[in-house]
Amino acid sequence: MSLSNELVEASSPNKIDKIYQINIDLFTQAGVHYQEWQHEPILDFDTDQRISDELGITAAPTKSLFMKLKGGGHCLLLTHRDNRLDSKLVKSLVGKRVSICSNEEMIAAIGCEPGAVCPFGLPEHVTLIIDPVLYGFNEIMYTPGKPTSTFSFAGAKLDSLLALLPNPQIQLPSSA
């Protein structure tokens, strides 16, 4: 099975369901154990924290920032929820200035709702920028495209998932 994404067609009405299924397939293909929770839609950090507390989710929360590159193209920064974007650092890594996409541009490009951007199952041309801080957490969690679901898995298994993706990938430098 190939995880290259035919789901990138912006007109696909089932894009969120396809992204969700790609995530399940990715865990299965990588042999990575994961947990899933169903809940009310999470589209902001406050709701995320409240739901995590209510459901007893202890995994470290991630943030997926979808950005456009000056001159064309996109990238996604996967980091801890509390970390901030260092646009100068990202520019030095990708070679182009970056800016956060508008909600409309993001929806058209990847089909995810604002606040529920999934780091996996993206079009092949989207460069993934991975913050190595995530490897240090016992578990990390993210939204698999559906704002009513949360997945968690061992931070140490992140590379197992990334290895199966067709996307270009860049690691942020480790913090000193």
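**Stop 1: helix H2**

Start with helix H2, whose buried residues are covered by elements that include S2 and S6. The model is predicted, so side-chain atom pairs are taken only where pLDDT is 80 or more. Select residues 45-55 to show the helix.

Colour Thr-47, Asp-48, Ile-51 and Ser-52; these residues of H2 are buried. Now look down the helix axis. The buried residues fall within an arc of 135 degrees, so they line one face of H2. Turn to the face that points away from this buried side. There H2 carries the exposed residues Asp-46, Asp-53 and Glu-54.

Next, go to the two ends. At the start of H2, select Asp-44 and Asp-46. A side-chain oxygen of Asp-44 comes within 3.2 Å of the backbone nitrogen of Asp-46. Just after H2, select Gly-56. Its phi is positive, at about 75 degrees.

**Stop 2: Asp-48**

Stay in helix H2 and centre on Asp-48. Show its surroundings. Setting aside residues up to four places away in sequence, Asp-48 touches Ile-42, Pro-61, Arg-81 and Met-141.

**Stop 3: salt bridges**

How many salt bridges does the structure hold? The count is six.

Begin on H2 with Arg-50 and Glu-54. Their side chains form a salt bridge, with N and O 3.0 Å apart. Both residues sit in H2, four residues apart, or about one turn of the helix. Arg-50 is partly exposed, at 34% relative accessible area. Glu-54 is exposed, at 53%.

Move on to Glu-105 and Lys-68. These side chains also meet in a salt bridge, at 3.5 Å from N to O. Glu-105 belongs to helix H4 (residues 103-110) and Lys-68 to strand S2 (residues 60-69), so the pair ties together parts that are 37 residues apart in sequence. Both ends are partly exposed: Glu-105 has 28% relative accessibility, and Lys-68 has 31%.

Salt bridges with shared partners join Glu-40, Arg-50 and Glu-54 into one network.

Now select Asp-17 and Lys-146. They form a salt bridge whose closest N and O atoms are 3.4 Å apart. Asp-17 is in helix H1 (residues 15-30), while Lys-146 is in the loop between strand S6 (139-142) and strand S7 (149-154), so the pair ties together parts that are 129 residues apart in sequence. Asp-17 is partly exposed, at 41% relative accessibility. Lys-146 is partly exposed too, at 23%.

**Stop 4: Lys-146 and the rings**

Where does Lys-146 lie relative to the ring of Tyr-20? Lys-146 lies over the face of that ring, 4.3 Å from its centre.

Extend the view from Tyr-20. Select Tyr-20, Phe-27, Tyr-34, Phe-120, Tyr-142, Phe-151 and Phe-153; ring pairs link these residues into a cluster. Across the whole structure, a search finds ten aromatic pairs.

One of them is Phe-120 with Tyr-142. The ring centres of Phe-120 and Tyr-142 are 5.2 Å apart and the planes stand at 85 degrees, so this pair is edge-to-face. Trace the chain between the two residues. Phe-120 lies in the loop between H4 and strand S5 (127-130), Tyr-142 lies in strand S6, and the pair links distant parts of the chain, 22 residues apart. Both Phe-120 and Tyr-142 are buried.

**Stop 5: Leu-65 in strand S2**

Finish on strand S2, one of the elements covering the buried residues of H2. Select Leu-65, which has its place in S2. Leu-65 is buried, at 17% relative accessible area.

What does Leu-65 contact, leaving aside neighbours within four places in sequence? The partners are Cys-75, Leu-76, Leu-77, Leu-85 and Ile-100. Draw a distance from Leu-65 to Leu-77. Their C-alpha atoms are separated by 5.1 Å, although the two residues are twelve residues apart along the chain.

Methods
Residues are numbered from 1 along each chain as its sequence is written. This is a predicted model: local features need pLDDT of at least 70, side-chain atom pairs count only at pLDDT 80 or more; totals for chains, interfaces and linings use all residues. Side-chain values use heavy atoms; hydrogens and water are left out. A salt bridge is a side-chain nitrogen of Lys or Arg within 4 Å of a carboxyl oxygen of Asp or Glu. Helices (H or I, at least four residues) and strands (E, at least two) are DSSP runs, numbered from the N terminus. Buried means under 20% relative accessible area, exposed over 50%, partly exposed in between (1.4 Å probe, protein chains only). Contact means heavy atoms within 4.5 Å. Rings of Phe, Tyr and Trp (its six-membered ring) pair if their centres lie within 6.5 Å; planes under 30 degrees apart count as stacked, over 60 as edge-to-face and the rest as tilted. A charge sits over a ring if NZ of Lys or CZ of Arg is within 6 Å of the ring centre and within 35 degrees of the ring normal. The arc is that of the directions from the helix axis to the C-beta atoms. A polar contact is a pair of N or O atoms within 3.5 Å; within protein, one must be able to donate a hydrogen and the other to accept it, and residues adjacent in sequence count only if both atoms are side-chain atoms.
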